[in-house]
Amino acid sequence: MTLKIYGIPRSRALRPLWLAKELGIPHELVRVDMTRGEHHSPAFLAINPNGHVPAIDDDGLVLWESLATTLYLAKKHGGPLAPRDLAEDGLMTMWSFWAVTEAEGHALKILYNRALKPEAERNAAEAQASVEALRKPTAVLEAHLKDRPFLVGDRFTVADLNVASVYSYAKPAPELFEQAPRVLAWLDAALARPAFGAARNA
Ligand SMILES: N[C@@H](CCC(=O)N[C@@H](CS)C(=O)NCC(=O)O)C(=O)O
């Protein structure tokens, strides 16, 4: 059965979509229209009881939590994005959890208050506080990228995909990257990948 990815590209469903495009995994995007409340429908709640996108259905295996879906798909299909051994697996998991726990909340507040919300509803102070809060994790990332172009190993992996998908939310804060030129170059390179563009336009 074809892999089903539930969500829309302008959501965290972009993450499994991006991974599927990177690896050429046949998939069906099942659009869940959140503006119409479809993520709270009984049919969707039977797939993800949290009422969030994304979820995936891989031949009967249903998974939610976007970064869990990408790690699973990378490991299942193998190739350069996947961990080559348990050490790489640990590092890719570490960076993915780090992105969600240390960076995503701040990055999302930047995105909402600098880009997504109508201007009248934006909270400039909250955006500024989020930029300040993101400086420390960004310095950690900048230091890690000092001697290497990718997060794990010598190639673009699911760790880069996961962390870049989170950091893309912070792009409306260019001042964050003034002190982190390597992070900016790494992020721009990830977002310039054809598979990212294909996922955004899915
Ligand atoms: N930690 C979850 C978060 C999922 C999530 O909050 N998704 C958003 C869209 S990006 C959503 O479904 N929002 C609708 C809602 O919460 O009502 C993941 O990474 O998959």
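**Around Trp18**

Leaving aside residues up to four places away in sequence, Trp18 touches Phe156, Leu161, Ala164, Ser165, Ala190, Leu191, Arg193, Ala195, Phe196 and Ala199; contact here means heavy atoms within 4.5 Å. Before going on: this is a predicted model, where local features need pLDDT of at least 70, side-chain atom pairs count only at pLDDT 80 or more, and totals for chains, interfaces and linings use all residues. Residues are numbered from 1 along each chain as its sequence is written, and side-chain values use heavy atoms, with hydrogens and water left out.

Trp18 is also among the residues with the most contacts inside the largest nonpolar core, together with Leu141, Leu151, Val163, Tyr167 and Trp186. That core has 51 residues. By nonpolar core I mean a set of buried Ala, Val, Leu, Ile, Met, Phe, Trp, Tyr and Cys residues joined through side-chain atoms within 4.5 Å, and buried means under 20% relative accessible area, with a 1.4 Å probe and protein chains only. Which helix gives the most to this core? Helix α4, residues 86–116, with nine residues.

Now the helix that holds Trp18. Eight of the ten residues of α1 are buried, including Leu14, Pro16 and Leu17. Helices are DSSP runs of H or I with at least four residues, strands are E runs of at least two, and both are numbered from the N terminus. Just after α1, Gly24 takes a positive phi of about 65°.

The axes of α1 (residues 14–23) and α6 (residues 158–167) come within 10 Å and cross at roughly 145°. Axes are lines fitted to C-alpha atoms, for helices over the stretch in contact, and angles run from 0 to 180 degrees between N-to-C directions. On the α1 side the contact is made by Arg15, Trp18, Leu19 and Glu22, and on the α6 side by Val158, Leu161, Ala164, Ser165 and Val166.

At the level of the chain, there is a domain 1 (3–80) and a domain 2 (86–193), with bounds from an automatic or database domain assignment. Their centres, taken over C-alpha atoms, are 22 Å apart. Eleven residues of domain 1 are in contact with 19 residues of domain 2.

Last, Ile47, in the loop between α2 (42–45) and β3 (55–58). Is Ile47 buried or exposed? Buried, because its relative accessible area is 19%. Ile47 touches Tyr6, Ala55, Val62 and Trp64, again not counting residues up to four places away in sequence.

Key: Buried < 20%, exposed > 50% of the residue type's maximum accessible area, 1.4 Å probe, protein only.
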